[in-house]
Amino acid sequence: MIFYNLFLFISIKEKSYLYYVFAIGSQLAFIFLDSKHLRYLLDEMYRDTWYVDMLERLVFPLMALTALLFQRSLLRIWENNGKLDKALLSLSAAFGIVAILTFVPNEKNFQYLFVFLVFISIPLSFYTNVDAIRRGNVTAVVHMSAVSVFLSGVIISMLVQIWPSFPNNVSTANAYIMALIIQSLLLSLSLSFRYNQIKQ
């Protein structure tokens, strides 16, 4: 999917495809790092894992930043709602600051700010889609479905970890991974609508 959309970007020069590559690329990096694959691969060669620690921290703000930039580009928010576009750009800049703060040794310096920004991002992301849907943007319907699926996966994964009586089976244990896959497919579908708009 990454290479396919990268080739589409090269052929039609539409930035939405490039931002999509960055968005799912950062999600892929998160899965790889979160499952400790990099630590396993480098264990025999490197004892100093400082840069692995940094990558594991950095991937969180990068996921949020690339997702916001992709949404902005896909829905072309700046064309219809200047104030909303400025809010998204400001939020993106804030996640950029969080990315810089990940290099500070004390993790709490970026964690609190990151969580705070995520709580702002979720309602803003939904409102952005609702605003685009009101304007007749079909792409926003698919994008909002993708965001909803992703958040559902995150919530289920958190419930499995913190609520002992919550059902723990193959579906709930892998809810986050399944949500990421479905989200990626839905985002690809939203890009197909964007491609039709470009053709028209």
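At 9% relative accessibility, Gln-27 counts as buried, where buried means under 20% relative accessible area, exposed over 50% and partly exposed in between, with a 1.4 Å probe and protein chains only. Gln-27 lies in helix α2; helices here are DSSP runs of H or I with at least four residues, just as strands are runs of E with at least two, and both are numbered from the N terminus. This is a predicted model, in which local features need pLDDT of at least 70 and side-chain atom pairs count only at pLDDT 80 or more, while totals for chains, interfaces and linings use all residues. Residues are numbered from 1 along each chain as its sequence is written, and side-chain values use heavy atoms, with hydrogens and water left out.

- Leaving aside neighbours within four places in sequence, Gln-27 is in contact (heavy atoms within 4.5 Å) with Met-63, Leu-180, Gln-183 and Ser-184.
- Ser-184 has its place in helix α9 and counts as buried at 11% relative accessibility; with neighbours within four places in sequence again set aside, the contacts of Ser-184 are Met-1, Tyr-20, Ile-24 and Gln-27.
- The buried residues of α2 include Tyr-20, Ile-24 and Gln-27, together with Ser-16, Tyr-17, Phe-30 and Leu-33.
- The 20 residues of α2 should span 28 Å at 1.5 Å a residue, and the end C-alpha atoms of α2 are 28 Å apart, which agrees; the expected span is 1.5 Å times one less than the number of residues.

- Helix α9 has 25 residues and reaches 36 Å from its first C-alpha to its last, close to the 36 Å expected at 1.5 Å a residue.
- Among the buried residues of α9 are Ala-175, Tyr-176, Leu-180, Gln-183, Ser-184, Leu-191 and Arg-194, and what covers the buried residues of this helix includes α1, α2, α4, α7 and α8 (170–173).
- Helix α7 (residues 138–162) and helix α9 (residues 175–199) pack at an angle of about 170 degrees, with their axes 8 Å apart; axes are lines fitted to C-alpha atoms, for helices over the stretch in contact, and angles run from 0 to 180 degrees between N-to-C directions.
- The two helices α7 and α9 are therefore roughly antiparallel to each other, a label for angles over 145 degrees, whereas angles under 35 count as roughly parallel, 65 to 115 as roughly perpendicular and the rest as oblique.
- The residues of the contact of α7 with α9 divide into 16 nonpolar, eight polar and one charged, where Ala, Val, Leu, Ile, Met, Phe, Trp, Tyr, Cys and Pro count as nonpolar, Asp, Glu, Lys and Arg as charged, and the others, Gly among them, as polar.

**Helix α5**

- At 1.5 Å a residue, the 20 residues of helix α5 (residues 82–101) should span 28 Å, and the end C-alpha atoms of α5 are 29 Å apart, which agrees.
- The buried residues of α5 include Leu-84, Asp-85, Leu-91, Phe-95 and Val-98, and what covers the buried residues of α5 includes α4 (50–75) and α6 (108–134).
- Beyond neighbours within four places in sequence, Phe-95 is in contact with Pro-61, Ala-64, Leu-65, Leu-68, Phe-114, Leu-117, Val-118 and Ser-121.

**Loop residues with positive phi**

- Lys-13, in the loop between α1 and α2, has a positive phi of about 60 degrees although it is not a glycine, and Lys-13 is exposed, with a relative accessible area of 59%.
- Arg-76, in the loop between α4 and α5, has a positive phi of about 50 degrees although it is not a glycine, and Arg-76 counts as partly exposed at 22% relative accessibility.
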